[in-house]
Amino acid sequence: MTQLNARQKEAVLYIDGPCLVLAGAGSGKTSVITRKIAYLIQTCDVPARHIAALTFTNKAAREMKERVSNLVRGSAAKGLTVSTFHNLGLNIIRREYRSLGFKPGFSIFDAEDARSLLKELMLKDSDLDSDHLNLVQNKISNWKNDLITPKRALESAQSPGEQTIALIYQQYNQALRAYNAVDFDDLILIPVDLFQQHNDILIRWQKKIRYLLVDEYQDTNSSQYLLVQLLVGNRGSLTVVGDDDQSIYAWRGARPENMVQLKVDYPQLRVIKLEQNYRSTSRILRVANHLIANNPHEFDKALWSEMGLGDHIRVLRCAHEDAEAERVATEILTQRLRKQNKFRDYAILYRGNHQARLLEMKLQHHQIPYKISGGSSFFAKTEIKDVMAYLRLLVNPDDDNAFLRIINTPRRHIGTSTLEALGSYASQRQISLFAALDEVGLQSHIPEKNLERLVRFSHWMRQVAKNCASSDPIISVREMIDDIDYVGWMHQNSPSSKAAEKRIENVFYLVESLQKSLDKTEDDDEDDEKRIQDAIAKLVLRDLLERQEEEDESDQVQLMTLHASKGLEFPHVFMVGMEEDLLPHRNSIDENNIEEERRLTYVGITRAKKTLTMTLAGKRKQFGEHSATTPSRFLDELPKEDVEYEGFGEHNVEKNTAQGAETLNSLLNLFD
DNA sequence: AATCCTGGAGTTTTT
DNA sequence: CTCCAGGATT
């Protein structure tokens, strides 16, 4: 137990009750969790299969698993659960699907699936037009995260508009049921509901999970916290780790208040603060502390480090956005030469994805290698969505969404009128589209020629399913992709043959992942059919994509949003676009979410190990026209003595600090 | 059924 | 400006 400091040790060794670890940025929180798991297994003799650790991302789960297995000798860690909340939820539903009334092979709808379902519902029978699609989707998601049923939403609707959305919510849930599908929020909600309704099942799971650890606890939403509470029961065998100052997902339903709530729900809670930072210079931490002090705090916390004072933070004001991007590029080039750094030591962080574009151009121009993380994901690609839809329909014929996606992909010459007839027939008979294909009664509704095409599809699909069950499922899947000549279809529909090749490669990568997962579970007791159902469900959760950690080795400047940077660290960080309306973002100003924007800034600052450079543009082109910008209010919240300013005029800013919050802006007025 | 055109919007998005 | 979705057009 060397390496750990006193606070960390305390957090690891305290297992007599619920424990909240307030882990500041860079304070070694993952070490605490992994060491605690090892301690539980090796010293406290808790079998690994009775310990569960929950994270929000697969990446975090993978990393944690890896680190535990390095700490625990031999096979002692076997059976340990380290997974995302959603994955645990999926496992619970999988094991209990009978009690829940699901058929095996249920589908998981991702955000896009949910969106298209909602669109359909809204079009069908309400005065809501699809402009409100996002609003409706958010509202429903929020309701689910807050454990509000459609019924309760309807009862407590404040306005006719809200009432309409509540009705859509009701229909949406019914549709999901009919499709034998769940959405992401359901993966938490349904287990919670199940545990509340069936005490016997809950007790079974409580027996399974004797000790629970939760990472990034500030990001839990209400239903996730309730799931945690249910699983822990009154045993208090719980450790959560989190940092309220790094809560940047409130807009997505996260409830940082859950940290305070923990004190209320568990009065015997032990709170342990980790304030020593092992990442950044003390200058950087001073700046971060100073900024975040502007937020109200339930738990006070001040980071410190022994990494030396370090360089001043620099704030560079450039003439316009173009100059800003140019400046960042040349800074990286010259610094790299002077300090003999690698490109990979640099990260450029921004508020919105669109900001990456200009930077990208400039970096290219200077031949600086870079990597943009985030943006459109593997699973957003049409070819992946297509093949996933085939796979989903294969294991869940009731998945109408998947059916509609692929019925004409590739072209099967089935038109909208045919599908409409099929749709109305199916809904009249209360069956899924695929099930309706086999009904004799359909003959009177659809012209023979079209019907034949549908029937051919149905027979083919059934044959594929049969092959999957009777022989190697992966071979059957490959045959399926051959059958539909998806490769040919890709060539036909890609802008270039190069793009087509890339897409085909993606598809095969997907099939490979599927194969890997099937191979891995070969020794399990489950039969083939069950395994492929599982594997496909997990694919949706991106769980088994050993995403090629690939060019992690290569030397590239990292570009990403501030959100995406959480949990990472870089020797040299650039934060660009430090302007009002950008950071804080305009919408957040309107909605009074300044505190979360401040935390976002805090997250950005604390990514930096050695140097931090903030930039802003005096003028910025937005929506086609140039307009003057205002420096971010957060710049005024940095301690002046730790900052070097450039581009704010002739006067030294330090002489103007007394004027308070308006300092930088008034200085600019003088200058202009 | 495929392509063109027009208008409207323009954050962040671990699953 | 630039990117989409959806409607209109062929």
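**Surface at the DNA**

The surface near DNA strand B consists of six nonpolar, 10 polar and six charged residues. Here near means that a heavy atom of the residue lies within 4 Å of the strand; Ala, Val, Leu, Ile, Met, Phe, Trp, Tyr, Cys and Pro count as nonpolar, Asp, Glu, Lys and Arg as charged, and the others, Gly among them, as polar. The model is predicted: local features need pLDDT of at least 70, side-chain atom pairs count only at pLDDT 80 or more, and totals for chains, interfaces and linings use all residues. Residues are numbered from 1 along each chain as its sequence is written, chains are lettered from A and ligands numbered from 1 in the order in which they are written, and side-chain values use heavy atoms, with hydrogens and water left out.

Around DNA strand B there are 22 residues, the closest being Tyr249, Arg252, Arg351, Asn353 and Arg411.

Gln558 belongs to strand β14 (residues 557–561), strands being DSSP runs of E with at least two residues, and helices runs of H or I with at least four, numbered from the N terminus. Gln558 counts as buried because its relative accessibility is 18%, the limit being under 20% relative accessible area, with exposed over 50% and partly exposed in between (1.4 Å probe, protein chains only).

In helix α9 (residues 186–197), nine of the 12 residues are buried.
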